[in-house]
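Thanks for coming, everyone. I would like to walk through one model this morning, going from single residues to the sheet and then to the helices around it. Please have the sequence and the structure open as I talk.

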Amino acid sequence: MHFSDEQNENFMQMALDQAKIAQSYGEVPIGCTIIDNRTSEIISVGYNEREETQNAIKHAEIIAIENACAKIGSWRLEHMSLYVTLEPCPMCAGAIINSRVEEVIFGAYDPKAGSVGSINNLFEETKYNHQPDFVGGILADDSASLLQNFFREIRRKK
């Protein structure tokens, strides 16, 4: 990993802050932060916007990748670390591979859609032209509890 444990937790906390913004809009609380590995600069952030936009692809990672590409003026996010509160789904894992993100750090594992170890691991597929480094479980309890409380509240309201 490019950063210390403390830095990783700080960057993941920023992603958790984005997840809380998503939750405040009634979105599933998933957040993402992209950091430049060379400078530790925050390049972009994102959170789920599917409900607001009624667009299936508006996941936190997609939003953050779009913002990062716009900011740096390139689709190549080499030398970048992506922090996300939940293990990426297949769509997001594909976008991460295609944008050449160097490293992915995620919080909670996702047994229903996770594609970086839970169901499969697209990042270890050597037939793709890029394999990001990755680590899961950073502030996993915080990420999982945010999601569990969100869905518990939805069930309670029903």
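Let me begin with a question: does Ser-115 count as buried or exposed? Ser-115 counts as buried, because its relative accessibility is 2%, where buried means under 20% relative accessible area, exposed means over 50%, and partly exposed is what lies in between, with a 1.4 Å probe and protein chains only. Ser-115 sits in the loop between E4 and E5, and these labels come from DSSP runs numbered from the N terminus, with helices being H or I runs of at least four residues and strands being E runs of at least two. Leaving aside residues up to four places away in sequence, Ser-115 touches Glu-87, Pro-88, Cys-89, Pro-90, Ala-93, Asn-120, Asn-121, Leu-122 and Phe-123, contact being heavy atoms within 4.5 Å.

Before going on, a word about the basis of these values. This is a predicted model, in which local features need pLDDT of at least 70 and side-chain atom pairs count only at pLDDT 80 or more, while totals for chains, interfaces and linings use all residues. Residues are numbered from 1 along each chain as its sequence is written, and side-chain values use heavy atoms, with hydrogens and water left out.

Now to the sheet. It is an open sheet of five strands in the order E2-E1-E3-E4-E5, with mixed pairing, and two strands are said to pair if DSSP finds at least two bridges between them. Strand E2 (42-47) and strand E5 (133-136) stand at the edges with a single partner strand each, so one side of each has no neighbour in the sheet. From one strand to the next, the twist averages 15 degrees, with axes taken as lines fitted to C-alpha atoms, for helices over the stretch in contact, and angles running from 0 to 180 degrees between N-to-C directions.

Strand E1 (residues 31-36) pairs with E2 in the antiparallel sense over five bridges, and Ile-34 has Ser-44 in E2 as its bridge partner. The hairpin of E1 and E2 has five residues between the strands, and Ser-40 in that hairpin takes a positive phi near 65 degrees.

Strand E3 (residues 80-86) and E4, by contrast, run parallel and are joined by five bridges. Along this pair, Leu-82 stands opposite Val-104 in E4, and Val-84 stands opposite Phe-106 in E4. Strand E4 (residues 103-108) is mostly covered, with six of its six residues buried.

The C-alpha atoms of Leu-82 and Thr-33 are separated by 5.9 Å, although the two residues are 49 apart along the chain.

That brings me to the helices. Two packed helices are described by the angle between their axes and the distance between the axes. The axes of helix H3 (residues 60-72) and helix H4 (residues 90-98) come within 9 Å and cross at roughly 20 degrees. H3 and H4 are therefore roughly parallel to each other, given that angles under 35 degrees count as roughly parallel, over 145 as roughly antiparallel, 65 to 115 as roughly perpendicular and the rest as oblique. Glu-61, Ile-62 and Ile-65 of H3 make this contact with Met-91, Cys-92, Ala-95 and Ile-96 of H4.

Which residues of H4 are buried? They are Cys-92, Ala-93, Ala-95, Ile-96 and Ile-97, and what covers them includes H3, E3 and E4. After H4 comes Arg-100, whose phi is positive, near 65 degrees.

Finally, helix H5 (residues 140-157) lies across E3 and E4, running at about 55 degrees to E4. The axes of helix H1 (residues 5-24) and H5 come within 11 Å and cross at roughly 5 degrees, which makes H1 roughly parallel to H5. In this contact, Leu-16, Ala-19, Lys-20 and Gln-23 in H1 meet Asp-142, Ser-143, Leu-146 and Phe-150 in H5. Also in helix H5 is Gln-148, which counts as partly exposed at 46% relative accessibility.
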